[in-house]
Amino acid sequence: MAERVQPISLSNLGGAAVVALLLVLTLGTLGAVAWRAEELSALTKNDWSAVRFTLWQAAVSAVLSAVCAIPVARALARRQFRGRALLLTVLGAPFILPVVVAVLGLLAVYGRSGIISETLNWAGLEPISIYGWHGVILAHVFFNLPLATRLILQGWLAIPAERFRLAQSLGFTSRDMARHLEWPMLREVLPGVVMVIFLICTTSFAVALALGGGPKATTIELAIYQAFRFDFDLSKAALLGLVQFVICVGLALASFAISVPSGQGAGLDRVVYRNDGSRVLDGIAIGVVALFLITPLAMIVAKGLPGLPELSVNILSAAWRSVWVAVLSAGLTVVMALSLALLSLKWGRGVEAVGYLSVAASPLVIGTGLFILTYRWVDPVLLALPVTVVVNAAMSLPFTLRAVSPALRQVEADYGRLAASLGLTGWARLRIVVLPRLRRPLGFGAGLAAALSMGDLGVITLFADPNHATLPLALYNLMTAYRMQEAFAAALVLLALSLALFWLFDRGGRVNADL
Amino acid sequence: MLTFENVEIVQGDFALKAALSVPAGAKVSVIGPSGAGKSTLLSALAGFVPITAGRILWQGRDISNVVPAERPLAMVFQDSNLFPHLTVAQNVGLGLKPSLKLSARETDRVRDALARVGLSGMGARKPAALSGGQQSRVALARVLLRDKPIMVLDEPFAALGPALRAEMLALMDEIARERGLTVLMVTHDPKDARQLDGSTTLVADGIAHAPVPTGPFLDAPPDVLRDYLGG
C-alpha cells in the first residue's frame, strides 16, 4: 500500500552521518590504501596462491561442515533426549566464541602436546600436527558445523509433522522418508548453508594467523596483514584488499540468487516423533559432535582454572581494556544499526545495504586505511583502541542490523498509524515508541556486538603494542611465546567475559519487556 | 460539515470515488463488502492514504494535506490501540501530550477521563492486565482527551463478543452525544449500524455513496449489500 511514511526527522542527519562513516570505512579506506601505494606492485605467484588457498579452504570447510551436519541435524530432528536443549544452546555458542580461545582449545586436543598426540606417543606412534591447511579447515569446521547443523535442523523442522505421520501410516522405511521428504528439503537448504559458510571462511583471519601461514596455508586476509606489517607494502595490501572485496561482493550477489537461510527462524525445540532410523547411529552422530565441540572448551576450563590466580597484571589490564572496547563498540553498533534502520524506512532498503558492506570489507584494510589517513596528525599507537572500537562496530553491524531492522519495520506496521495520529514524532516517538518496542532486538544486537568485539583478533594486530593490547592479542602473544599455562588461564578469562557480556546485554533487553 | 469533494483514491488496481457530505454532529456507519474500500476511505480522511484527486474539507477548511495528528479527528483502530509497554495512564496521557511530560493539572484530566469510562484506579496497570473491554475503554478515554470534533472508528471492538461490543458502542455513543462529536464508524455488522442509528454510507463498486438514514436503508438494502449480508 502506497502510504505516506511519517518521518522521524532527527534520524535523517544521524542516519546520513552513519552512511557516510560506513562508506569511508569500507570504500574510503580501500581507496586510501590504493592511493598511498606508490607504485603498483603486481600480485606475485605467492599472492595468487593465497587467493587460491582462500577459495579452496573455504569450499572444503563449507562442504565438510554441511555434509557432517546432515546426520547430526537428522538425529536432533527425530530424537528427544536429556540435554537436547543444552546441546542446541552449545550449537549456538561458537558464533560468540573468541577465535583465539577456540584455536587454543583445538591445540589442546589436536596439537603436538594435545590429548591425541599424547595418546599416540604413549602408544609409540608419531604425534599429529595441527599447523597448516588441515588445522585451518579443522578450526573452520569447528566454528561452522554448529551453524550448519542449526540451519539444516530448521529445514527439517519446517517439514510438517503431518507428512511424517502420513509416511509412517503408509509404512515408509527410513529410505523412503529420505527420498520423498528429506532429500527434497536438503536440496533446497544445502546450497544456502554452503554459501553462508563459504562466505564466512573466505574472510577468515585469526584462524589463519594462528594455525596457517607459509605458502600453503595463507589466506588473503593473512597476506594483507603480512604485506602491511612485515613488508609495509601498501600497494600489495590495497590490491589484495580489492581482490577480497571483489570476491566477497561476487559471493554476496551469488547468495541473493540462492535463498540463504536466515538463521533466526522459529524455535528448534520441537521434535517430530518418529520410529524409523537407527537409535544407535543417531546417538553416535550426536555423541561425536558433542565431543568434537565440547572437548576443546572443556580443555580451556580444565587447563585454565589452575593458572587463574597467577594471571599477570598485564593480562588483567588487557582484559579491562577489552571490556571497555567491547562496550563502546557495542554502543556504537547499536546506534549505527538504529540510525540505518530508521533512515531506510524513509529512503528505502538501499540504505540498509550500506550496513552490510562490511561483510565484504577486510578489517585489516580498514585499519591500514585509517592509519594512512591519520598518521600525519595522530600517533598511530594512540589510535589503536579507538580504531578497534570503530572497526569492530562496523564488522558487527550486519548481524545487529539483521536483528533490529525487521523488528523496526514490524513496530512501524503495528503502531506507525497510532503514533502518527497522536502526533508522536522525533525524539518523543523514539523515546516512547521505538526504543521500548525494540528492547529485545537491541539487547540481543548489543550482546552480539559486545561478544564479537571482545573476542576479536583482527585490526588490533596491526598495532601490536603490548601497552595497548586487547585480551585476544595478549592471549595470542602468550601462545606464540609458548607460555601455555598463562595462555589457558587468559583464554578462560576471555571466554567468560565474552559470554558474560553477551548474556548481560541480551538479558537487559528481556527483563521486564512487556510484549 | 465534513465534505469529500470529488475525492479519488487510486492504489494500483484499486480506485475509490467519494463525493459526499456529513453534517457536523452526525453519526455515520460505513458499510459494504470486504475489500470495497471502507477502511481506505477512513484512512484517507485520517491522512494515512494520499488522495489522488479532490479535496477533503472540515467546516470549509481544506484538510487534504494536513498531517494526521493535526487533522480534526481522533481515531480508534481495529487493534493495536494501546502501546503494551506503557501504563494505562500513559496511553491515555499521549492524547494530551506526545512527550508525556504532563503537568499536575493534565494528570488530573487523565484521571478524570479514566473515571468517565469506568476505569478509576486502573491507571497504573499495563494493557496486558486489562480485559478486552477495558482496553477499548482506555482507547475511548484517550479520544476524550484528544478533544477533536470528529471520532473515526475502524471496525472498533471487533475482538469483543456481541454483548460487550454493544456495551462499548453505547459508551461511545454517550461520549459522542456529550461532546457533540461527529462519528464515522466502519463496521461489517448491520447490528452495529442499527445500534448507532444515524445514517449509513454504502461503499461498493469503487464508490462511497452519500449517507442515507440507516433504518430504512437496512430494511431494503441494495443487491450488492444483500449479497454481502446474506439473506
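In the UniProt record, an unreviewed entry, the feature "domain: ABC transmembrane type-1" is listed for residues 51-255 and 319-505 of chain A. In the predicted model described here, the span formed by residues 51-255 of chain A is 78% helix and 0% strand, and its end C-alpha atoms lie 20 Å apart. For chain B, the unreviewed UniProt entry lists "domain: ABC transporter" at residues 2-230; this span is 35% helix and 24% strand, with 32 Å between its end C-alpha atoms.

Apart from the record, chain A is divided into domain 1, made of residues 1-36 together with 311-515, and domain 2, made of residues 37-305. The centres of domain 1 of chain A and domain 2 of chain A, taken over C-alpha atoms, are separated by 24 Å. Contact between the two involves 33 residues of domain 1 of chain A and 32 residues of domain 2 of chain A. On the side of domain 1 of chain A that touches domain 2 of chain A, at least two residues are supplied by each of the helices α1 (10-36), α15 (363-374), α18 (439-455), α19 (471-480) and α20 (484-510) of chain A. The most is given by α20(A), which contributes nine residues to this side of domain 1 of chain A. By residue type, the side of domain 1 of chain A that touches domain 2 of chain A divides into 26 nonpolar, six polar and one charged.

The interface between the chains brings 20 residues of chain A into contact with 21 residues of chain B. Helices α16 (380-421) and α17 (426-437) of chain A each supply at least two residues of the side of chain A that touches chain B, and α16(A) gives the most, with six residues. The residues on this side of chain A comprise 12 nonpolar, two polar and six charged.

The buried residues of α17(A) are R429(A), I432(A), V433(A), V434(A) and R437(A). These residues lie on the same side of α17(A), because they cover an arc of only 150 degrees around the axis. The partner against which the buried residues of α17(A) pack is α16 of chain A.

Helix α4 of chain B (residues 132-146) likewise has a span that agrees with expectation, since its 15 residues should span 21 Å at 1.5 Å a residue and its end C-alpha atoms are 22 Å apart. Because 12 of the 15 residues of α4(B) are buried, this helix is largely enclosed by the rest of the structure. Among the buried residues are Q135(B), S136(B), R137(B), R142(B) and R146(B), as well as V138(B), L140(B) and V143(B). The buried residues of α4(B) pack against β6 (73-76), α2 (88-93), α3 (104-116), β7 and α5 of chain B. Following α4(B) is D147(B), whose phi is positive, near 55 degrees.

Most residues other than glycine have a negative phi. Against this background, F157(B), which is not a glycine, has a positive phi of about 60 degrees; this residue lies in the loop between β7 (150-154) and α5 (162-179) of chain B. F157(B) is classed as buried because 26 other C-beta atoms lie within 10 Å. In chain A, F232(A) also has a positive phi, of about 45 degrees, although it is not a glycine, and is located in the loop between α10 (220-229) and α11 (234-257) of chain A. With 10 other C-beta atoms within 10 Å, F232(A) is exposed.

Two further positions of chain A relate separation in sequence to separation in space. L242(A), found in helix α11 of chain A, is partly exposed, with 16 other C-beta atoms within 10 Å. L242(A) and A361(A) are 119 residues apart in sequence and 8.8 Å apart in space, C-alpha to C-alpha. V24(A), in helix α1 of chain A, is partly exposed, with 16 other C-beta atoms within 10 Å. V24(A) and A123(A) are 99 residues apart in sequence, and their C-alpha atoms are 57 Å apart in space.

Notes. Residues are numbered from 1 along each chain as its sequence is written. Chains are lettered from A and ligands numbered from 1 in the order in which they are written. This is a predicted model: local features need pLDDT of at least 70, side-chain atom pairs count only at pLDDT 80 or more; totals for chains, interfaces and linings use all residues. Domain bounds come from an automatic or database domain assignment. Two residues are in contact if their C-beta atoms, placed from the backbone, lie within 7 Å. Helices (H or I, at least four residues) and strands (E, at least two) are DSSP runs, numbered from the N terminus. Ala, Val, Leu, Ile, Met, Phe, Trp, Tyr, Cys and Pro count as nonpolar, Asp, Glu, Lys and Arg as charged, and the others, Gly among them, as polar. UniProt positions are given in the numbering used here, feature names are shortened, and annotations may be inferred rather than shown by experiment. A residue is buried if 20 or more other C-beta atoms lie within 10 Å of its own, exposed if 12 or fewer, and partly exposed in between; C-beta atoms are placed from the backbone. The arc is that of the directions from the helix axis to the C-beta atoms. The expected span of a helix is 1.5 Å times one less than its number of residues.
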